[in-house]
Amino acid sequence: MEIRKRTSKSVAGRHDLNYFKKGSPLRRWQGILTLAALACIALWLAGNAAWHGPTMLSSGPISSSHAVFGEKCAACHKPVAGNLFHRAGFRKEVPDSACLACHAVPAHHANQQNPPNCSICHVEHTGSMMLAHTADSHCTACHANLRAVNAQTQFASSIRSFIDGHPEFAPVRGGFAFDNGIRFAHAAHMKKGLLGPRGPVQMACADCHRPVADQSTAWPYGAAMRTAAFTLTGGRTLNAADVQMLDRDRGRAYQAPVTYAAGCQACHALKFDVHLTDEAPHAEPAEVRAFVATKIRAFAAKHPDVVAAELRHWPPEPMARVPRARLTAVPHNAAEWVTVRTAEAEQRLWHQSCGLCHEGQIPDINADATVAELAAALGNPETLPKLAPTHQPVRWLTHAVFDHASHQAVACAECHSKAAASQNANEVLLPSIATCRRCHNGESHPQGPALGYGHAESGCFLCHEYHAWDGKEPQPVNGETLRELGVLLPR
Amino acid sequence: MRIDRTHRPWLTASCLILGVSIAIYVAYALRAPRVGGGTAVGLTFGIVGFGFMLFAAALAVRKRFPIWRIGRAQTWMRGHLWLGSLALPLIFLHAGFHFGGWLTSTLMVLLIIVVLSGLLGACLQHVLPTKMMRDVQFETIYDQIDHIRAGLVVEARERVQSIAEEMAPGRGAGATVVLTYIGAIPEINLELREFTETFAAQIEPWLENKTRQSPLNDRGQSERLFEGLHRLMPERAWKTVDALEEICEEKRQLDRQIVLHRILHGWLLVHIPLSVGLLVLGFVHAVGSLRY
């Protein structure tokens, strides 16, 4: 348009030459807001310092296990003696002594070089729930190159992860010899139509293999499993490491050892005489011999009429399924009756019941022996069977831990695939490492993020414990620790 | 500042730094038992990232002392833009992509806001000056706008008061006599009255910023209003009407300049205060981390 004349002079003349003295409103607001921001920060810092102390400086939330310490940073962060920097209050790290005040744990290996501080592996302030779930790299720092630590390695010298360099499990590795000491065939027990105490049954793995916590649950072969029978035959007891393992995960991690009383007795009762309902104890032969003799002697004393009747009509009807136990000696009085019946009962037990499962030397008695010879044999310890000791490991992989409860969504046969067809108790029916790797296939995020679909956690921590407990009980720590730290509320 | 070819070296250097940092981080994250600000690599990322933040903040000092011979202002501005932007990914690498506790989370949020607001500002600085040059031919110094708008009101009043003179049939001898009596001519009097009423009712309040809602805010409606005045007034008065329309156009453009200027610089109201807060809290975090 240019109706109005606009020259440089006229345009310049319109301006207020003192405008800069007034200041820009935008700059003014910038200054005001900056001061406001500084004031807010100062208030926030002061408020936090007053109410929460130094927790504001925390790099992240502490784990739930240590939540009891709350805002008491000094419970773990201790001043360390050192240079001026340290003396000025900087680098208040967490010394191992702070951890060991509550957690008395054993070391890793005696020959471990430069063991790391607790806080190197157990990283706090990440909000993680499980501080024991550490990254593989802590382990592979040494185990990926064990030759650097020890020139002689037993199994593998470079274990980089579960899927890379980890050796096959020892029991399923070639050259592993195992003698169970008993005769047993899983295949025979998994057949259809087996006769149980209440009729035909189809046995399942869990009929015999149960964790400690499930021993008293329903059982198709009797009122309940005999849970008290976990003391092993012959008074043997489990070692501390095994007991510790059986107690893991509230008694659900490991299968309890299969004992005669808990798993076999319901079908394989140790009956020894038709006149008696008693079962012989599953014990050492000498104990069994004494039990049987006592019971038959007691019966004869209590039922002389039955004894007299049998003496008149000797021999009585043979017991079914005991062909080898028939002796030719003829008793003429109650004492001889007891001797012959006891000898028969022993032969029945030794050959039919004990010999069914146990390997060893079971001496045959002379079927034509006289009563006196039978009495002499019963009194001779040399005529007792010499049974081979049994070896049933509670834990096969003694350098690792396992949790059956965590795997309960997987059918037994998925891992123990050879079990149902096994004919020999000396077969090791553990899965190989390849079976585990079907799910535990290499991904490991101990503290998140979530693993990809089809991957189970594969971290070292899942099976291996860094601290070498080896059956050691956790050592008692000072019970006053929390009180000394000022964590406990006053009574 | 326009982001043009002159930024290419900065872009290349920034991509290089970022690429190397990511490569180092990936190698370290795959091998290290844990990642985080407390590790050697994490601490290095933190120091470099905080250094970039301090450099970006130094622009304010550089601007306050423009006569210092410490590099061209444009170089400082480019460094502010690119290194300041790099601070965000470096701090992410420092923290191992975790936000951590209260202080570190606050710092991370502040950093994200500061960097994003800075990037928004860079985009606005790239786009809006061109738009302003195109849309606002009457552009002036922002802080002078109120003063000039007041001048426009005065100029418009003078134009309106001179309309009677413009409507005089001629100049020279006798014109004064005509002017004296022109108000007595009923038709002319009516036109003048309607013109001055329109000015007083619509144009003047709008020029004085007393009314926000006005057809004069829109160039199309404004043109229709002044077309009506052209039809109302005799041709001799059109020069004044056109001048008045131009005054309105200038005022409209100055209003537009205010809006564009506020957009162009308004993000600084977020960017600067939060940047200061970020630096202060960053210092607290650094000292606190050294303590524990």
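Select chain B. In this predicted model, chain B holds eleven helices and zero strands. Step along from the N terminus and the elements read α-α-α-α-α-α-α-α-α-α-α.

Keep chain B selected and colour its residues by burial. Of its 292 residues, 28% count as buried. Next, show contacts within chain B between residues at least 6 apart in sequence: 75% of these join residues at least 24 apart.

Now select helix H4 (102–135) and helix H11 (268–291) of chain B. H4(B) and H11(B) pack with their axes 9 Å apart, at an angle of about 145°. Their crossing is left-handed. To see where they touch, pick residues on each helix in turn. On H4(B), the contact residues include Leu103(B), Leu107(B), Leu110(B), Val114(B), Gly118(B) and Gly121(B). On H11(B), they include Leu268(B), His271(B), Leu274(B), Leu278(B), Gly282(B) and His285(B).

Then bring chain A into view. Which chain gives 35 residues to the contact, and which gives 34? Chain B gives 35 and chain A gives 34. On the side of chain B that touches chain A, helix H4 (102–135), helix H5 (145–161), helix H10 (238–266) and helix H11 (268–291) each supply at least two residues. Select H11(B) again: with 13 residues, H11(B) gives the most to this side. Finally, colour the side of chain B that touches chain A by class. Its residues divide into 17 nonpolar, eleven polar and seven charged.

Terms used: Residues numbered from 1 in each chain as written. Chains lettered and ligands numbered in written order. Predicted model: local features only at pLDDT ≥ 70, side-chain atom pairs only at ≥ 80, totals over all residues. Contact = placed C-beta atoms within 7 Å. Helix = DSSP H or I, 4+ residues; strand = E, 2+ residues; numbered from the N terminus. Nonpolar A, V, L, I, M, F, W, Y, C, P; charged D, E, K, R; others polar. Axes fitted to C-alpha atoms, helices over the stretch in contact; angles between N-to-C directions. Left-handed = near helix turned anticlockwise from the far one by under 90°. Buried ≥ 20, exposed ≤ 12 C-beta atoms within 10 Å, placed from the backbone.
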